[in-house]
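Okay, everyone, thanks for coming. Let me put the model up, and then I'll talk you through it.

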Amino acid sequence: NANANQKDFLHISDFNKSTILNILDRAKEVKALIKSGERTYLPFKGKTMAMIFAKPSMRTRVSFETGFFLLGGHAIYLGPDDIQMGKREGTRDVARVLSRYNDIIMARVFAHQDILDLANYATVPVINGLTDYNHPCQIMADALTIIEHVGQLEGTKVVYIGDGNNIVHSWLLLASVIPFHFVCACPKGFEPDQETVKKVQHAGVGKIEITNDPKEAVRGADVVYSDVWASMGQKEEAAKRRQVFQGFQVDEELMKLAGRKAYFMHCLPAERGVEVTDGVVEAPNSIVFPQAENRMHAQNAIMLHVMGS
Ligand code: CP
Ligand code: NVA
């Protein structure tokens, strides 16, 4: 679906390589401007954004709200108890009403179909702030962070250790657009969506591997990446997952196997002592905080892109 939903930002694979690279270049430019203290670039002046959150958030909420404000706009936070999309009111109605007040909608939802419906019925751009299926804004920020630290994304080896979840799907979809090597090491039965894997293999752009052996996977990695074992919506499975995921913790030993050049990344929030040790998060080669900061800069560029400014 390379041309699907171009008004929106729902999946990285909806865009071609040059568009993704342009958005990342724009992110660097606007980041430099904002970090210089410049406050006269206000492309969103007089604009408003509705932000729908069916799940909790720190980074997504604060980075979108702050970024939109710094570029001149006003963002409205709608938490899980506010509009209760799909419960108090159908998604189709929410989409059409908000489109009459706001210039842009950002949403974090459970079912992926909800973001697709929202985008289909909204007449303004919709940005995906995480669904059970994917998290494209996170992986755009991660790509920016890798470009800044490694020098480029093309040709690098990114090794994800853990659950084949929404983060993995966005990494996979990025590999259908940009040629780099992505490895997902997960326990048996926790592999990413097969259709997504097939689609990315068929695209033949990046090299992807799905394995159950983290020790073998990390060799030669430029980045070792971790995420929680139980995502939002799966927290009641957390205890069981801790058993199943034994051997998939990113610890000092695994980072040693990865080699000296390997950076550590995590989308956060992290459960230290579970999927990653405290020592790995705090090590000098951990770039989790620059990575978190880049959420705002990547998203500013995504918003500029969908707003056509
Ligand atoms: N990484 C991320 O999306 O964080 P939040 O859940 O805090 O928004
Ligand atoms: N996989 C995690 C990512 C949180 C940013 C979740 O969905 O909860």
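Five strands make an open sheet, ordered 7-6-5-8-9, with parallel pairing. For the record, strands here are DSSP runs of E, at least two residues, and helices are runs of H or I, at least four residues, both numbered from the N terminus. Two strands pair if DSSP finds at least two bridges between them. On the edges you've got strand 7, 207-211, and strand 9, 263-266, each of which pairs on one side only. The twist averages 20 degrees going from one strand to the next. That's with axes as lines fitted to C-alpha atoms, for helices over the stretch in contact, and angles running from 0 to 180 degrees between N-to-C directions.

Quick housekeeping before I go on. This is a predicted model, where local features need pLDDT of at least 70 and side-chain atom pairs count only at pLDDT 80 or more, while totals for chains, interfaces and linings use all residues. Residues are numbered from 1 along each chain as its sequence is written, chains are lettered from A and ligands numbered from 1 in the order in which they are written, and side-chain values use heavy atoms, with hydrogens and water left out.

Back to the sheet. Strand 6, residues 181-185, runs parallel to strand 7, and five bridges join the two.

A pair of aromatic rings is described by the distance of the centres and the angle of the planes. The rule takes rings of Phe, Tyr and Trp (for Trp, its six-membered ring) and pairs them if their centres lie within 6.5 Å; planes under 30 degrees apart count as stacked, over 60 as edge-to-face and the rest as tilted. How many aromatic pairs does that rule give? The count is ten. Take F9 and F15: their ring centres are 5.2 Å apart and the planes sit at 20 degrees, so that's a stacked pair. Both F9 and F15 are buried, where buried means under 20% relative accessible area, exposed means over 50%, and partly exposed is in between, using a 1.4 Å probe and protein chains only.

Then there's W171 with F182: centres 5.8 Å apart, planes at 15 degrees, so stacked as well. This pair links distant parts of the chain, since W171 is in helix 6 and F182 is in strand 6, eleven residues apart. W171 and F182 are both buried. And they belong to a cluster: ring pairs link Y160, W171, F180, F182 and Y225.

Some rings have a charge over them, meaning NZ of Lys or CZ of Arg within 6 Å of the ring centre and within 35 degrees of the ring normal. R61 has its charged end over the ring of Y77, 4.0 Å from the centre. R92 lies over the face of Y121, 5.9 Å from the ring centre. R92 lies in helix 3, residues 91-101, and is partly exposed, with a relative accessible area of 48%. In sequence, R92 and Y121 are 29 residues apart, but C-alpha to C-alpha they're 5.7 Å apart in space.

Most residues other than glycine have a negative phi, and most peptide bonds are trans. Which peptide bond is cis? The one from L268 to P269, with omega near 5 degrees. L268 also has a positive phi, near 65 degrees, and is buried, with a relative accessible area of 14%. P269 lies in the loop between strand 9 and helix 11, which is 278-282. L130 has a positive phi too, near 110 degrees. You'll find L130 in the loop between strand 4 (126-128) and helix 5, buried at a relative accessible area of 6%.
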